[in-house]
Number of protein chains: 4
Amino acid sequence: MGRARTNPAPAAPTTARGRRTHDALIVAGREVIEEHGWAGFTPEAVTQAAGVSYGTFYTYFESKDDLLRKIVQAAADEMITASLVPDTLEDPYARIVEANRRYLAATGRAAKVLRMVEHGAYLDDTLRALLLEIREFYVGRSAEGIRRLQTAGLADPDLDPRLTAIALGGMVEQVAVIINELREPLDAEKMVDHLSRLWAAAIGLRGPRSS
Amino acid sequence: MGRARTNPAPAAPTTARGRRTHDALIVAGREVIEEHGWAGFTPEAVTQAAGVSYGTFYTYFESKDDLLRKIVQAAADEMITASLVPDTLEDPYARIVEANRRYLAATGRAAKVLRMVEHGAYLDDTLRALLLEIREFYVGRSAEGIRRLQTAGLADPDLDPRLTAIALGGMVEQVAVIINELREPLDAEKMVDHLSRLWAAAIGLRGPRSS
Amino acid sequence: MGRARTNPAPAAPTTARGRRTHDALIVAGREVIEEHGWAGFTPEAVTQAAGVSYGTFYTYFESKDDLLRKIVQAAADEMITASLVPDTLEDPYARIVEANRRYLAATGRAAKVLRMVEHGAYLDDTLRALLLEIREFYVGRSAEGIRRLQTAGLADPDLDPRLTAIALGGMVEQVAVIINELREPLDAEKMVDHLSRLWAAAIGLRGPRSS
Amino acid sequence: MGRARTNPAPAAPTTARGRRTHDALIVAGREVIEEHGWAGFTPEAVTQAAGVSYGTFYTYFESKDDLLRKIVQAAADEMITASLVPDTLEDPYARIVEANRRYLAATGRAAKVLRMVEHGAYLDDTLRALLLEIREFYVGRSAEGIRRLQTAGLADPDLDPRLTAIALGGMVEQVAVIINELREPLDAEKMVDHLSRLWAAAIGLRGPRSS
DNA sequence: CATGAATGAGAGTTCATTCAT
DNA sequence: GATGAATGAACTCTCATTCAT
């Protein structure tokens with residue numbers, strides 16, 4: 001981490017073959033980090049998993065950290081794409097349910113990668129910025145949703161939207177990690193239901209849910 | 001070679017001087033891991049921080065992992081001790097506030113250590129067991145509290161106490177980490193208030209809180 | 001930590017350059033152990049002797065023990081190949097002389113390596129098995145020869161062939177070590193003559209020798 | 001081995017208690033080297049086995065090598081004492097039998113120690129001198145015996161007494177090692193008988209043996 | 001004298017990165 | 001561009017020896 005760069009910055013691959021190898025390394029890197037954790041994430045392991053030679057690594061990536069950043073970027077893009085709740089869904093509670101379902105179901109794997117990588121962020125500014133950016137995306141979006149509900153008189157107006165978003169987002173993230181990483185045997189859909197009810201109750205959501 | 005003997009299991013120090021050095025190493029180890037993260041946690045760094053020579057490390061600890069486990073154990077004991085809410089406090093909401101205040105205030109530093117160590121648990125069974133045990137302490141205690149409130153008719157009886165405890169505990173833990181590790185500038189007491197309100201609302205706490 | 005992966009079992013070198021380095025390390029290792037003994041046999045010494053960098057050692061060998069085993073294997077192969085007495089030599093006494101000559105002359109250097117390594121065998125099962133296998137080769141072959149002479153009425157039929165082979169083999173081995181290791185200034189060919197006469201007399205060899 | 005001495009040469013113990021500790025360390029050292037081999041022979045292991053504190057080691061011995069030399073000296077004295085065949089035994093063959101029996105039975109354990117120590121002698125002049133002295137004792141005595149038999153017309157006069165002594169002594173030593181160290185399950189008395197017959201036949205012993 | 005903590009040079013091993021082919 | 005051998009600094013751990021108590 002944070003060592004002086006001495007490598008020629010590898011250019012983006014120009015040939016189709018190059019593109020394939022480049023992508024294969026990102027995919028393989030992600031698999032390695034998921035299966036063998038941080039300590040198993042070595043250029044050698046990655047290149048072996050990708051079926052290319054050791055030296056090829058540095059054809060495409062400046063350093064191990066460089067690959068790591070790209071893996072995180074890819075995981076983040078995937079998470080964010082997968083977690084967009086369509087605007088057509090209007091009922092607030094249904095939106096909460098859908099957001100939680102997507103977070104847990106579609107992004108669990110990516111979330112696991114992010115958590116494994118978190119401590120690496122301690123030393124790498126770029127990585128830390130990336131992770132903060134991802135968190136900000138979720139927090140900002142949630143806060144915005146809460147603010148809208150407050151304006152519409154559907155949620156407790158005393159809550160600070162941002163603090164609330166951080167707390168409830170943390171709740172969902174933590175549960176996602178426990179499900180995906182520590183393998184406490186929890187039924188996902190049941191958790192979605194629970195999380196949604198807790199979330200809704202926490203912000204004092206009023207309306208359709210009233211059942 | 002050198003397989004003839006395993007590491008001579010270091011006995012507990014018998015002299016006062018030994019005890020001092022032993023404790024100094026645990027303290028130093030904890031500081032190192034807090035300040036420089038997992039990657040900076042080396043026997044060399046720890047002994048330097050403790051002001052003793054390299055070899056002394058192995059006078060007291062079987063291995064780097066051994067010290068790590070002891071640091072985690074100490075952090076866990078500290079957290080658990082600090083977070084016990086006195087029985088004299090009877091009002092349910094006040095208990096929630098107090099529990100959150102203690103978790104955030106008194107245990108933040110320890111929680112940071114635990115989070116830094118989490119990925120190491122990926123490889124070390126003892127460590128993983130320790131972390132699970134700590135989590136179980138909090139989850140079990142929270143679940144019990146929720147169950148009591150349900151029985152007393154003060155909380156939503158439809159909630160699964162354990163799932164709820166995991167989710168809300170995750171919420172508090174995550175916030176504690178964000179405050180202590182990622183240094184989002186959040187006012188602790190304000191967070192305590194918020195978390196408590198969210199927690200109470202989430203479980204549908206009825207009664208005295210109404211103020 | 002770092003238990004995630006065991007040493008990546010180094011594959012056999014694929015390029016000519018790799019093969020050269022690999023072989024150079026085995027040769028250098030043998031020289032080091034001959035010249036500086038067990039205590040001087042370090043990866044650093046070996047790589048320096050081979051003119052390569054420290055890390056290269058582990059490109060080709062899993063560990064120091066791994067190289068040691070390969071050195072022993074090579075020495076054993078060499079000894080055994082060099083000590084095969086051609087079947088065309090039929091006279092029993094001449095066969096004894098030839099066997100002794102070959103053992104002393106052709107195998108002394110290898111025998112020295114084996115003796116230096118012997119105490120390492122105390123700890124390494126593979127190594128101990130290898131040494132026993134080598135001893136068994138010599139003992140078995142000698143015992144077989146003695147048995148044949150007994151059947152032909154040329155040797156004392158009361159002797160247990162195996163015990164005799166162990167004892168007389170020990171005699172030759174010990175003399176080989178003294179000549180090669182402890183450098184008692186003994187004339188090799190004179191020793192061959194003596195050993196052969198002692199051996200022949202010991203088993204009561206009758207016939208052509210009587211001259 | 002062979003490092004510069006920086007220690008105050010420990011004086012011979014003056015008190016009875018000192019003598020006891022000193023001797024206990026030699027005994028313990030010998031046990032350790034027999035049981036755990038060269039690699040297990042550490043001051044720590046020795047002091048533990050002797051039931052004294054670590055530091056006490058250097059009260060009595062200048063260094064590890066110093067103790068080693070004293071162990072070897074003690075083992076050698078023991079061997080030599082135990083292997084003296086009484087002059088009252090006059091029959092040459094009976095003397096051979098008795099010498100072999102004593103060597104195998106009474107000195108096997110000591111011989112094992114010497115063999116384990118042999119490779120240490122590679123670097124330590126004092127030790128090498130000691131071992132050579134021991135060998136010389138046996139070789140010299142055997143050679144003398146052979147010479148006497150030759151003079152008396154009882155043994156093959158063509159044999160060089162010294163070469164013969166080295167060879168036959170090697171035979172017995174090697175068998176002793178195999179019995180004691182490598183644990184080939186051999187019956188000791190049977191080996192004594194065999195070795196004696198081989199020895200007698202090898203030197204062409206004539207006379208009383210004729211049975 | 002005895003004790004056991006302290007020392008630090010050195011061993012074996014790993015691995016991110018470079019480089020010759 | 002791909003290959004895989006080469007590099008060496010850094011890491012964890014050991015142990016003979018010293019020294020304060």
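B:Ala105 sits in helix α5 (residues 92-117) of chain B; helices here are DSSP runs of H or I with at least four residues, strands are E runs of at least two, and both are numbered from the N terminus. B:Ala105 counts as partly exposed because it has 16 other C-beta atoms within 10 Å. On that scale a residue is buried with 20 or more other C-beta atoms within 10 Å of its own, exposed with 12 or fewer, and partly exposed in between, with C-beta atoms placed from the backbone. This is a predicted model, where local features need pLDDT of at least 70 and side-chain atom pairs count only at pLDDT 80 or more, while totals for chains, interfaces and linings use all residues. As for the labels, residues are numbered from 1 along each chain as its sequence is written, and chains are lettered from A and ligands numbered from 1 in the order in which they are written.

- B:Ala105 and B:Ala176 are 71 residues apart in sequence, and their C-alpha atoms are 8.6 Å apart in space.
- B:Thr47 belongs to helix α2 (residues 43-50) of chain B, and it counts as buried because it has 22 C-beta neighbours inside 10 Å.
- Set aside the neighbours within four places in sequence, and B:Thr47 is in contact with B:Val52, B:Ser53, B:Tyr54, B:Thr56 and B:Phe57; "in contact" says that two C-beta atoms, placed from the backbone, lie within 7 Å.
- From B:Thr47 to B:Thr21 it's 26 residues in sequence and 9.9 Å in space, C-alpha to C-alpha.
- Over in chain D, D:Val192 is part of helix α8 (residues 188-202), and its 22 C-beta neighbours inside 10 Å make it buried.
- D:Val192 touches D:Val97, D:Asn100, D:Arg101 and D:Leu104, again leaving out neighbours within four places in sequence.
- D:Pro92 is 100 residues from D:Val192 in sequence, and the two are 15 Å apart in space, C-alpha to C-alpha.

**Chain A overall**

- Chain A has eight helices and zero strands, so along the sequence the pattern reads α-α-α-α-α-α-α-α.
- Of the 211 residues in chain A, 38% are buried.
- Take the contacts in chain A between residues at least 6 apart in sequence: 66% of them join residues at least 24 apart.

**What UniProt says about chain A**

- An unreviewed UniProt entry puts "domain: HTH tetR-type" at residues 19-79 of chain A; UniProt positions use the numbering here, feature names are shortened, and annotations may be inferred rather than shown by experiment.
- Residues 19-79 of chain A are 82% helix and 0% strand, with end C-alpha atoms 23 Å apart.
- UniProt also lists a "DNA-binding region" (unreviewed entry) at residues 42-61 of chain A.
- That 42-61 span of chain A is 60% helix and 0% strand, and its end C-alpha atoms lie 13 Å apart.

**How helices pack in chain A**

- The axes of α1(A) and helix α2 (residues 43-50) of chain A come within 8 Å and cross at roughly 130°; axes are lines fitted to C-alpha atoms, for helices over the stretch in contact, and angles run from 0 to 180 degrees between N-to-C directions.
- That angle makes α1(A) oblique to α2(A), since angles under 35 degrees count as roughly parallel, over 145 as roughly antiparallel, 65 to 115 as roughly perpendicular and the rest as oblique.
- The residues in the contact of α1(A) with α2(A) are eight nonpolar, three polar and one charged; Ala, Val, Leu, Ile, Met, Phe, Trp, Tyr, Cys and Pro count as nonpolar, Asp, Glu, Lys and Arg as charged, and the others, Gly among them, as polar.
- Helix α4 (residues 64-82) and helix α6 (residues 125-151) of chain A pack at about 5°, with their axes 10 Å apart, and are therefore roughly parallel.
- A:Leu68, A:Arg69, A:Val72, A:Gln73, A:Ala76 and A:Ile80 of α4(A) meet A:Thr126, A:Leu127, A:Leu130, A:Ile134 and A:Phe137 of α6(A).
- By class, that contact of α4(A) with α6(A) has eight nonpolar, two polar and one charged residues.

**Where chain A meets chain B**

- Here 27 residues of chain A are in contact with 26 residues of chain B.
- On the chain A side, the elements giving two or more residues are α1 (16-40), α7 (161-182) and α8 (188-202).
- α7(A) gives the most, with eleven residues.
- Sorted by class, the chain A side has 18 nonpolar, seven polar and two charged residues.
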